[in-house]
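Take a look first, then follow the questions.

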Amino acid sequence: MTAQQTPFALFAYRQEPGCFIHVLLNGLDLSDKGHPVKIVLEGPATTLLSELESLDAPLPALFKKASDLGLIDGYCLACATKLGVREGAEASGLAPLSDMSGHPSIARYVEKGYTVINF
């Protein structure tokens with residue numbers, strides 16, 4: 001990793017598809033420019049995993065592209081469970097993240113040199 005390749009962890013919290021589109025667009029753009037990127041679905045954003053097929057374009061295609069590139073690191077297991085979307089989240093094939101009392105740890109990304117951005 002060179003100085004020009006700052007790694008970014010994009011944490012998506014909001015349930016609004018329009019906001020998540022921007023997370024995906026920014027993740028894809030950063031990746032295209034050579035930056036390592038990890039996208040994490042947290043909080044209400046985990047509900048989007050069970051709705052992906054029914055959401056309007058371009059969200060499903062952007063999500064697939066980001067997934068195919070390995071940019072989606074996973075989803076919050078505690079939030080998906082609490083919000084009743086665990087089954088849909090599991091069906092997405094993404095990794096459940098739970099290393100901080102059932103939630104994804106931001107510290108884990110910081111310790112690996114990632115700059116964390118919350119959406």
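Q: What makes the largest nonpolar core a "core", and which residues touch the most other members?
A: A nonpolar core is a set of buried Ala, Val, Leu, Ile, Met, Phe, Trp, Tyr and Cys residues joined through side-chain atoms within 4.5 Å, where buried means under 20% relative accessible area with a 1.4 Å probe, protein chains only (exposed is over 50%, partly exposed in between). The largest one has 29 residues, and F20, L24, I39, L49, F63, I72 and Y75 touch the most other members. Two or more residues each come from β1 (8-12), α1 (17-32), β2 (37-41), α2 (59-68), β3 (72-76) and α3 (77-82), and α1 gives the most, with 6.
The model is predicted: local features need pLDDT of at least 70, side-chain atom pairs need 80 or more, and totals for chains, interfaces and linings use all residues. Residues are numbered from 1 along each chain as its sequence is written, and side-chain values use heavy atoms, without hydrogens and water.

Q: What is I39 in contact with, leaving aside its neighbours within four places in sequence?
A: Contact means heavy atoms within 4.5 Å, and on that test I39 is in contact with L10, F20, V23, L24, G27, L71, I72, D73 and G74.

Methods: Helices (H or I, at least four residues) and strands (E, at least two) are DSSP runs, numbered from the N terminus.
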